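Here are my notes after going through the model you sent.

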Amino acid sequence: MSDDFRPASDFLAVLTERGFLHQCSDLAGLDLLAKSGDLVAYIGFDCTAASLHVGSLVQIMLLRWLQKTGGKPIALMGGGTTQVGDPSGKDESRKILTLETIAANKDGIKRIFSKFLTFGEGRHDAIMPDNAEWLGALNYIEFLREVGRHFSVNRMLAMDSVKMRLERDQELSFLEFNYMCLQAYDFVELHRRHGCVLQMGGSDQWGNIITGIDLGRRMGASQLYALTSPLLTTASGAKMGKTAQGAVWLEESMLPVFDYWQYWRNCEDQDVGRFLKLFTELPLDEIARLEALGGAEINEAKKVLATEATAMVHGREAALRASEAARKTFEEGALAESLPAIEIARGEVEAGLGVLTAFVKAGLVASTGEARRQIKGGGLKINDRTVEDERAVVGLGDATDDVVKLSLGRKRHVLLKLV
């Protein structure tokens, strides 16, 4: 991106100021189109899981800002391409999913998008087509003749997603090798059906998006554009959306709101300003004020980040409840009812529930072996008391009002509720 670029459109101004913009095929041309109010853009989301996670938030926010600045967003569901599997960034083939699983996953992803975009039939309302509509109806021979002839195998072999597999001697199936052809064809179909002229994605998708622009040109489409956002890592280099406990899902049934709030509250000091720009809609001057806080005060900025980011996904009321639960737990030492909880049979506790098993059941550790390691390091607590003996049990005497609080470290807590 050119350092002296000064966008005239609200869309590219937001992307530039907030750190969303990494590469663009034609900044000046796209800026002019965005300013006219006629910009239609899409991002594709394959249906590989029942929810999206934090790693997809940058792309979701790109579509949200497009709509807020007068453009029309298309959230393309990959009901067709999910049957093939995107090899980008993968050392091995994705698991082949059944059509029923793909359909269920698509429904879950739709629920996430309903919180970020306004859907409808209006000029700037978002739409959510599924590429299975056109990919599922393709005649293979016809597709090879009409579309396949425009692809150079030499160029495809040079793509990062292919080259990485080959250099590491990892198998790349012929099925996956076709993925970039299908993604490029999606761009052409969306242009034909909906007047879409821009594909956006993470920087690892640049080659695939450019391939779509080239295919569009060869198949008679008008000017198409590519725009990518930077691939995000935390200040320490960790991948966004991944923790030691697994993915940070956007669906409440897969990750409690309290844990989602805590994910943002626990971010590194150096990431606060950047994350406020990307994952909230706070004004830039307010973000600058929060980013400038030093010492222990930076924790106040982290709480604002956690509450604002959580409100985007789960609503303001749920975000405030999570914030209050954290305050009571960490500042008052109280047992907050809104902490994540699991139910357990009273008889099981009455008989004496092994502490290792209890922490595994609570989901705070993945195995009894991990629980043992945490005990040796002083990392496990029952009702805020450090567990020192791996043979200890959780009994009825540990329950207050039929609740036992289990903790991993200072910031992860689960309530055992006796039923």
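1. Let's start with Cys 47. Its closest cysteine sulfur belongs to Cys 196 and sits 18 Å away, so the gap is too far for a bond. Cys 47 also counts as buried, because its relative accessibility is 0%. Bear in mind throughout that this is a predicted model.

2. How many disulfides does a search of the whole structure find? The count is 0.

3. Now the overall build. The protein chain has 19 helices and 14 strands. A compact globule of 419 residues would have a radius of gyration near 22 Å, and the chain comes out at 24 Å, which agrees. Along the principal axes, the C-alpha atoms fill a box of roughly 75 × 50 × 40 Å.

4. On burial and surface: 50% of the 419 residues are buried. The chain exposes about 19,500 Å², with carbon and sulfur atoms supplying 48% of that area. As for how the chain folds back on itself, take the contacts between residues at least 6 apart in sequence: 72% of them join residues at least 24 apart.

5. Next, the inside. In soluble globular proteins, nonpolar side chains tend to be buried together. Here the largest nonpolar core has 111 residues, and Phe 113 and Trp 264 have the most contacts inside it. Helix 10 (residues 179-194) gives the largest share of this core, 9 residues. Apart from it lies another core, of 22 residues, which includes Ala 358, Phe 359, Val 404 and Val 414.

6. Trp 264 deserves a look in the viewer. Leaving aside residues up to four places away in sequence, Trp 264 touches a list that includes Val 54, Leu 57, Met 240, Phe 275 and Phe 279. Lys 302, Leu 305, Ala 306, Ala 309 and Thr 310 are also among its contacts.

7. Is Thr 307 buried or exposed? Thr 307 is buried, because its relative accessible area is 10% and the cut-off for buried is under 20%. Thr 307 is found in helix 15 (residues 298-314). Beyond residues up to four places away in sequence, Thr 307 touches Trp 261, Arg 316, Ala 319, Leu 320 and Ser 323.

8. Strand 13 (residues 403-408) is my last stop. In a regular strand the side chains alternate between the two faces of the sheet. Both faces of strand 13 are covered: one side carries Val 403, Lys 405 and Ser 407, the other Val 404, Leu 406 and Leu 408, all of them buried. That is 6 of its 6 residues.

9. Which strands does strand 13 pair with? Strand 10 (residues 380-382) pairs with strand 13 in the antiparallel sense over 3 bridges, and the bridge partner of Lys 381 is Ser 407. Strand 14 (residues 412-418) also pairs with strand 13 in the antiparallel sense, over 6 bridges; there, Leu 406 stands opposite Val 414. Strand 13 and strand 14 form a hairpin with 3 residues between them, and Gly 409 in the turn has a positive phi of about 65°.

Methods:
Residues are numbered from 1 along each chain as its sequence is written. This is a predicted model: local features need pLDDT of at least 70, side-chain atom pairs count only at pLDDT 80 or more; totals for chains, interfaces and linings use all residues. Side-chain values use heavy atoms; hydrogens and water are left out. Buried means under 20% relative accessible area, exposed over 50%, partly exposed in between (1.4 Å probe, protein chains only). Helices (H or I, at least four residues) and strands (E, at least two) are DSSP runs, numbered from the N terminus. Two strands pair if DSSP finds at least two bridges between them. A nonpolar core is a set of buried Ala, Val, Leu, Ile, Met, Phe, Trp, Tyr and Cys residues joined through side-chain atoms within 4.5 Å. Contact means heavy atoms within 4.5 Å. The radius of gyration is taken over C-alpha atoms; the globule rule is 2.2 Å times the number of residues to the power 0.38. Accessible areas come from the Shrake-Rupley method with a 1.4 Å probe; for residues, only the protein chains shown count as cover. A disulfide is a pair of cysteine sulfur atoms within 2.5 Å.
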